[in-house]
Amino acid sequence: MAVGDQTEQNNLPKKKKSETEDDKRRKNIVPGSLLKAVVRPGGGDSSPVDGDQVIYHCTVRTLDGVVVESTRSECGGRGVPIRDVLGKSKMILGLLEGIPTMHKGEIAMFKMKPEMHYAEKDCPVSAPGNFPEDDELHFETELLDFFKAKIASEDLGVVKKILNEGEGWESPREPYEVKARISAKSGDGQVIFSHTEEPYFFTFGKSEVPKGLEIGMGTMARKEKAVIYVRKQYLTDSPLMHIDQDLEEVHFEVELVHFIQVRDMLGDGRLIKRRIQDGRGEFPMDCPLQDSRLSVHYKGMLLNEEKSVFYDSKIDNNDQPLEFSSGEGLVPEGFEMCTRLMLPGEIALVTCPPDYAYDKFPRPPGVPEGAHVQWEIELLGFETPRDWTGLNFQSIMDEAEKIRSTGNRLFKEGKFELAKAKYEKVLREFNHVNPQDDDEGKIFGDTRNMLHLNVAACLLKLGEWRKSIETCNKVLEAKPGHVKGLYRRGMAYIAGGEYDDARNDFNMMIKVDKSSEADATAALLKLKQKEQEAENKARKQFKGLFDKKPGEITEVGTEIREESKTIEEVDETKDIDEDEIQEEEGTTTVSTERKKKGWPFLKNVMLQIGMQLGVVLIGILIFQFVNAKFT
């Protein structure tokens, strides 16, 4: 870098650091209110800074030498030093200002005016009982240690000191299986127990170690060594140790020897992936998270007493691995979910419930309906999709067409969620594509519109007609006269019972493109049939209302509500037979699945019968009025 550039960079305005509450307190320090005398020098040149945990003994005396309070046992204290995190802990102002001037092992005497200890206005620390907070006092302080702290709990009840860095960045979590060497000391240094010869095994999240220790270990990497400082509120009884009521804090020295990744894939304990052999690389960066071509060996077993094996690729497939593309529904859902979270070379044991195994997938011979299964899976390797970076426009469009064709196949197979995911993947990639001329722009725009309409078709099949309309709107906002967009949105309006909006779209088709008149006319005929069906349902629903006397209206209302409820319940599972959608070779046919919700359907019902019902209600009121007048 040129000198001029360096000078210019140095002259740039520096970002102003936000002022902390401690900074505001320091502004109130009056010269002479805090004096320091070094009793014993410390070692080294470094001093603690914000973010460091400081461990120190402190003895408070009056100016004539009478001990007021102390942490030292020889001065009447418990022998447990104080632990604070600079910039985080609540401290009296004199120590907040004085401790950062000390070195490790140093003993210093701080002479403090009352406003530098507990007599400070709005002091964040309460004075102990009978403390002479209005007196000038001596605070003899010994800085035992300081280090960069890893704060594991916001209230500073669990703080970690790293002794040796670990490997990787993955840390144990529930319900991982953990192996660690653990020893424990009380705050005054008394040994409580030691598991340093033989590691201690436990399952994370099962209360098999004190709560604070588990919180601290949840920040550790494999093979890391650390001291975890745990205060009383996080010391809970466990199989590892019984907590004595007199313990104020415990210092755990931990070496995280190993942990086995165990993942509850659904969060309800039904689909469990347990790693039994580590793979290569870093989790999860080196896992096949995105759709990839995977190669695996696997053995499938029933969860019965015999653990009956129903398939073993090494035996039943002549040692040839199973190769499949994820994201295409080619293996059971539970199988794919777990392989996406495996590293190459990893072996995992997967326990799977029937609804994520073979109840919704072709069952192999020997697997009964409703069977819970277990797979032992070895991920041999995987190939990620081709990176579009650096590809020319035609190559990008070729890659997009491959994915779109896969989506079309999945749609035809009834795998609408998977098909939608394929179309949406291409649309996300299109956010980074920039056509260079008008011809490329037209091809790009037409392809993007086609993908949006395919997404809309999937949404309609999934009963999401409102989202289908919103997706069609993306096409029609860019090209208001897009015939296929109007047609698709019209069908979505029909599915939602929005008949007037559907009619407007089909009429607009004829207006903007005469060649679409046949399709629009067929759609209008279908619309008319749906309206007639809705009217017939409404008439059936309110049948008998016009024959009732006023005193029988309540009973009729009950009948109406019950019949309406029945109609809606039936309608929730009713499919609409329509042509299948395909966006290939210039042909467009449409397939939709309708799940009508209460309000759109009832709104159209009321439009159909509102006037008639109004006339009847007026007649009833008149009848009641006349009846009351003359009786």
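User: Which residues does the UniProt annotation "repeat: TPR" cover?
Analyst: Residues 483-516, according to the unreviewed UniProt entry. Keep in mind that this is a predicted model.

User: And how much helix and strand is there over residues 483-516?
Analyst: That stretch is 79% helix and 0% strand. Its end C-alpha atoms sit 8 Å apart.

User: OK, switching to salt bridges. How many does the structure hold?
Analyst: 46. One of them pairs Lys148 with Asp52, with 3.5 Å between the closest N and O atoms.

User: Which parts does that pair tie together?
Analyst: Lys148 is in strand E6 and Asp52 is in strand E2, so the bridge connects parts 96 residues apart in sequence.

User: Is Asp52 buried or exposed?
Analyst: Asp52 is buried, because its relative accessibility is 6%. Lys148, at 54%, counts as exposed.

User: What does Lys104 pair with?
Analyst: Asp145, at 3.4 Å between the closest N and O atoms. Lys104 lies in the loop between helix H3 and strand E5, while Asp145 is in strand E6, so parts 41 residues apart in sequence are tied together. Asp145 is buried at 14% relative accessible area, and Lys104 is partly exposed at 42%.

User: What about Glu255, which residue does its side chain meet in a salt bridge?
Analyst: Arg181, with an N to O distance of 3.5 Å. Glu255 belongs to strand E12 and Arg181 to strand E9, 74 residues apart. Glu255 is partly exposed at 22% relative accessibility, and Arg181 is partly exposed at 27%.

User: Last one: which residues do salt bridges that share partners join into one network?
Analyst: Glu170, Lys273, Arg275, Asp278 and Glu346.

Methods: Residues numbered from 1 in each chain as written. Predicted model: local features only at pLDDT ≥ 70, side-chain atom pairs only at ≥ 80, totals over all residues. Heavy atoms only, no water. UniProt positions renumbered as here; feature names shortened; annotations may be inferred. Helix = DSSP H or I, 4+ residues; strand = E, 2+ residues; numbered from the N terminus. Salt bridge = Lys/Arg side-chain N within 4 Å of Asp/Glu carboxyl O. Buried < 20%, exposed > 50% of the residue type's maximum accessible area, 1.4 Å probe, protein only.
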